[in-house]
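Work through the exercises below with the sequence and the model side by side. Try each task before reading its solution.

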Amino acid sequence: VTAYGLFYPPQNPDYEAPESERPPLLVRCHGGPTSQASTGLNLRTQYWTSRGFAVLEVNYRGSSGYGRAYRDALRGQWGIGEVLDCIAGANALARRGLVDPQRLCISGGSAGGYTSLAALTFHDRFAAGTIYYGVSDLSALARDTHKFESRYLDGLVGPYPEMAARYAERSPLTHLDRLQRPTLFFHGLQDKVTPPNQATAIAKALEEKGVPVGFLAFP
């Protein structure tokens, strides 16, 4: 499978890194998950690149803009396919010597937050992550999300509740024993698309087990 990404090396005219040092990498996961990262000006990306971070915006399988077959490649595979694409992108940059393989981070919002959290939970490639209004419990999302996206997960994961076991299998909240990386959560308390219980439950559980965790709520 071929996946796509937009790579931005660090750039700041006032600073120069030591020749022997490779930059940390921030892998960013767009939402949707069938949205896409574009090449337009993004000040969030420049915030990081101007401060010494390399940034990889991954247009993983399921993203729009690459044809219908590529978008449909995520059907039934959400939580697996796009996560592997993000890891593959980070590994490819590390192999080329463009980033530090020991300082790989991941972040995303909404569906991208779920992808980031799944990568941190089910794989050990990333050192830390930030989750913006992300998903930790697929079953709860299937039950609680707003009407417009009420059956969206049927295509991305499978029909619910008939395939409830698959939902639990891919939910970071039900695999807390595997999540050991420092994680930061941001969430709006009136979010109707991704209800705040998606963040509060897992943040509390991680704090109780002693994993470095932060949670910032927005009224």
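**Exercise 1.** Is P182 buried, partly exposed or exposed?

Solution. The model is predicted, so local features need pLDDT of at least 70 and side-chain atom pairs count only at pLDDT 80 or more, while totals for chains, interfaces and linings use all residues. Residues are numbered from 1 along each chain as its sequence is written, and side-chain values use heavy atoms, with hydrogens and water left out.

Step 1. Take the cut-offs: buried means under 20% relative accessible area, exposed over 50%, and partly exposed in between (1.4 Å probe, protein chains only).
Step 2. The relative accessibility of P182 is 36%, so P182 counts as partly exposed.
Step 3. Helices (H or I, at least four residues) and strands (E, at least two) are DSSP runs, numbered from the N terminus.
Step 4. List its contacts, where contact means heavy atoms within 4.5 Å. Not counting residues up to four places away in sequence, P182 touches A127, A128, G129 and P212.

**Exercise 2.** Find where D85 lies and decide whether D85 is buried or exposed.

Solution. 
Step 1. D85 belongs to helix 3.
Step 2. With a relative accessibility of 7%, D85 counts as buried.
Step 3. Its contacts, leaving aside neighbours within four places in sequence, are A3, V58, Y60 and R61.

**Exercise 3.** Describe the aromatic pair of W78 and Y114, and say which parts of the chain the pair ties together.

Solution. 
Step 1. A pair of aromatic rings is described by the distance of the centres and the angle of the planes.
Step 2. Rings of Phe, Tyr and Trp (its six-membered ring) pair if their centres lie within 6.5 Å; planes under 30 degrees apart count as stacked, over 60 as edge-to-face and the rest as tilted.
Step 3. The structure holds nine aromatic pairs. In the pair of W78 and Y114 the centres are 4.5 Å apart and the planes make 55 degrees, so the pair is tilted.
Step 4. W78 lies in the loop between helix 2 (68-72) and helix 3 (81-95), and Y114 in helix 4 (residues 111-122), so the pair ties together parts that are 36 residues apart in sequence.
Step 5. Both residues are buried: W78 has a relative accessible area of 2%, and Y114 has 0%.
Step 6. Elsewhere, ring pairs link Y4, Y66 and Y70 into a cluster.

**Exercise 4.** Check the length of helix 8 and work out how its buried residues are arranged.

Solution. 
Step 1. The expected span of a helix is 1.5 Å times one less than its number of residues.
Step 2. Helix 8 (residues 197-208) has twelve residues and should span 16 Å; its end C-alpha atoms are 16 Å apart, which agrees.
Step 3. The buried residues of helix 8 are Q198, A199, I202, A203, A205 and L206.
Step 4. Seen down the helix axis, these residues fall within an arc of 165 degrees, so they line one face of helix 8. The arc is that of the directions from the helix axis to the C-beta atoms.
Step 5. The face turned away from the buried side of helix 8 carries the exposed residues K204, E207 and E208.
Step 6. The buried residues of helix 8 pack against helix 4, helix 5 (138-144), strand 6 (183-188) and strand 7 (213-218).
Step 7. For helix 4, twelve of its twelve residues are buried.

**Exercise 5.** Which peptide bonds are cis, and which residues other than glycine have a positive phi? Name two of each.

Solution. 
Step 1. Most residues other than glycine have a negative phi, and most peptide bonds are trans.
Step 2. A cis bond joins G32 and P33, with omega about 0 degrees; P33 sits in the loop between strand 2 and helix 1.
Step 3. Another cis bond joins Y160 and P161, with omega about 10 degrees; P161 is in the loop between helix 6 (152-156) and helix 7.
Step 4. S110 has a positive phi near 60 degrees and lies in the loop between strand 4 and helix 4.
Step 5. Y133 has a positive phi near 35 degrees and lies in the loop between strand 5 and helix 5.
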